Amino acid sequence: MNLPPVARLKRWWQRLTPQRQDRFAVLAPLAAVLLFLAAIVAAFGYLRLEEIEREQEAVQRDVEYTQQRLRLRLLERQEQLMRIAREISNNELDPDEFQSRAEALVNQYPDLQSLTWIDGRRRIRATFGTASLSANQLRMVGSTLNTGETESTFKLTQELQQPIYSQSLVTTDAPAPLQLHIPLTERAGFSGVLLAEYSVDGLFRYGVPAEVSARYAISFHDAHGGLLAGTSIPARNPATRLMPWASPVNSYEVPVSPVGNGLVIRGQAYRTSLGVIGSGLFWLVTALSMMTAWMLIANWRHTRRRLQAQQALISETSFRRAMENSMLTGMRALDLHGRITYVNAAFCQMTGWNESDLVGRTAPFPYWPEEEQNTLAVRLEEELEGKIQPGGMQMHVKRRDGSLFDARLYVSPLIDAQGIQTGWMTSMTDITEPNRVREQLSASHERFTTVLEALDASISVAPLGSDELLFANKLYRLWFGIQAGGHLQLVAQAGVPETPPSDESLDNVDSFAGLPTGSLPDTEAESSEIYLEPLGKWLEVRTRYLSWVDGRLAQMVIATDITARRLAEEQSAAQTERAQTASRLITMGEMASSVAHELNQPLTAINNYCNGMVSRIKAHQISEEDLLGALEKTAKQAHRAGQIIQRIRSFVKRSEPNRSLAVISGMVDEAVELADIELRRRNVRLTHYVAPHMPALLVDPILIEQVLVNLLKNAAESIDSAQRPTAQRSVNLRVTPKQVDDKPVIEFTVVDSGMGLAPEVMARLYEAFYSTKAEGMGIGLSLCRSIVESHMGRMKAENLYNGAEVTGCCFSFWIPLTESPQPMAQLPH
């Protein structure tokens, strides 16, 4: 069915929604106004383009006319100058006649500044210039041409044998003149040039027609665009180019023939008016169009805001209704007489009653328990009278099925839009689960407190910078009372730093032990052992920082009674000392026969010396000198016996460990002298080596000597048991520096040529009371390892092999160096 356009448009309009009809009703007039404004702007723009095009044609025509005038003027002057050049070339003019001809020509043509006759050797034969030339511009007869630009043009004229125009580069206050170089020939050879210099200002003043310079800004420019003469309109400000009336200045430029690009004439049209763009009609139409468009846009925006407000109101109402129906808190509204006017879905879901069952009801309400109705009625009266409890009230609510639950109700006045109170608004929350959790937390806290009270350690918590005691268990109260003095005393004696650790260390703390889970910084002690005289106890004190329940930074101190452990450690140390002394006595007991043999030698010598002296004295066969010699030998042998006894006494003497900086070579010498008796008795050769320039060791020298003597004695016994031949009965002792785990240590190594150690012996080598010797007690090597480890060292043993055959055994131990060892020269020997 073909409908007319008007009918189709009407049907399309009726199918649109009211919102789209309003939008088109506002946008259609706005589009019409904008189209009208665009048509006006296009019309004015077209007229302005026409005006600019006509102005450009006029500028081009007048500039070309001026260029023709200048060209004819220069060609006319060039023709006259070439006539003079021919006369010079034909020797018809001498310098004096040239001077008079040049003066007449310069006076006749004001744009001509000077004429100069230059021969082939660049010397000036004759010259004449106007009186307006400065001293720098005058040329002297007989001088040589040396100006850079003039000299280059001179060479070009010599090569081309044609008139050449150029622009001088003479740096003076006056504008550079225009030069014309005309070649001179003599007998078909180059004989110089005739140099004519034109004043650019003169050419502009006398060559540009007055009617042209009156209408346009005419100017002369060089090849680089530099202004030589005339006036030039400056370029427009870029900020004004965006204005509707802004347009570029109409200009046209053309080189002046026959000069070429060295002289360019430029014409620029003056803007005497803004043209049709600046007319009042244009601005009136533009203003009215913009005002109409602004009013239509404002009306359209107002309509849109109104529609948006309506839509927002609908959305807000729907949102509030959905929020009330989806929230878990029950809402109930009462009027001023206590009648229910509103309940939300959550309230109905909590109680099990429908909205129709509750709205309009008065007290007693169906969700009140029967046994509490009187109490709840009194509370309702208080609410209606405005006696509202800020923290709300707790009550039991009966569901429709008869079950009860705990609820907390908060009441607030219900104010309408006019600020008038119309009733009371009540929010109800089910607190059955929170009450159950609270009871469980209370029971858990009670159990936790019971555990803390029963601990055998003192636990106290106090805030930093305060004498307040936040928590103290039973043992703390038993030891220190209820004051914070004991807590502060424990912190002070334990040496805890005054400043708390950073927040990162507070986050990584073991919640049970109260200690950081990461590595402690150097300023914090993991634990400290202190002795409290008032209690007579040794305590191990551990501390940690924690955030208290009120947000304050607090310090917790855990003090454990370690008196029994300290007593056990002291008894163990005493037992160890006694075992070390017993070991030394046993060692000397095993060496008793060797010691007796060693002492027998000096005693026998003393006896022989004494008997000999007595016999010779009785026989009167000894002189005084021989008697003194024999007595000196006797005293020397007695001193030797005394040294042997003194060395044995110092070795077996029982004393407390006394660590000091000791010279390594001194300890080795003492041990070698003590063990040398046993080695010589068993016919074993001892070689020892101590590396030079070694620092001192912080050790107990008697204990280290005991370890060395024990190892040397065991090496000699191993060699004797293996029944090695005399050439293989040797023990080697070496003391050298070494690096263990990147730390400097001193290593002691004892290597023997015995039978080595069996695998079952190696497994139980350091086991106490285990020995492979029939008369051994099995505590020697065990004590040796204990002594080495007490000095923070390590000890090891290994067999030496020659292929599959065991050729000996190597015992070694190392002691770490002190951080700042005392120099060797300062230690006593």
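The ring of Trp538 carries a charge above it: the charged end of Arg566 sits over this ring, 3.6 Å from its centre. A charge is said to sit over a ring if NZ of Lys or CZ of Arg is within 6 Å of the ring centre and within 35 degrees of the ring normal. Arg125 is placed in this way over the ring of Trp117, with its charged end 4.7 Å from the centre.

The model is a predicted one, in which local features need pLDDT of at least 70 and side-chain atom pairs count only at pLDDT 80 or more, while totals for chains, interfaces and linings use all residues. Residues are numbered from 1 along each chain as its sequence is written, and side-chain values use heavy atoms, with hydrogens and water left out.

Rings also pair with one another. Rings of Phe, Tyr and Trp (its six-membered ring) pair if their centres lie within 6.5 Å; planes under 30 degrees apart count as stacked, over 60 as edge-to-face and the rest as tilted. By this rule there are 10 aromatic pairs. Phe98 and Trp117 form a tilted pair, because their ring centres are 5.9 Å apart and their planes stand at 55°. Phe98 belongs to helix H3 (residues 95-108) and Trp117 to strand S1 (residues 112-119), so this pair ties together parts that are 19 residues apart in sequence. Helices (H or I, at least four residues) and strands (E, at least two) are DSSP runs, numbered from the N terminus. Both partners are buried (under 20% relative accessible area, with exposed over 50% and partly exposed in between; 1.4 Å probe, protein chains only): the relative accessible area is 1% for Phe98 and 8% for Trp117.

Trp479 and Phe480 make an edge-to-face pair, 6.3 Å centre to centre with 90° between the planes. Trp479 is buried at 16% relative accessibility, and Phe480 is buried at 18%. Elsewhere, ring pairs join Phe347, Phe365, Tyr367 and Trp368 into a cluster.

Helix H19 (residues 701-722) has 22 residues and spans 32 Å from its first C-alpha to its last, close to the 32 Å expected at 1.5 Å a residue; the expected span is 1.5 Å times one less than the number of residues. H19 is mostly covered, with 16 of its 22 residues buried. After H19 comes Gln723, whose phi is positive, near 55°.
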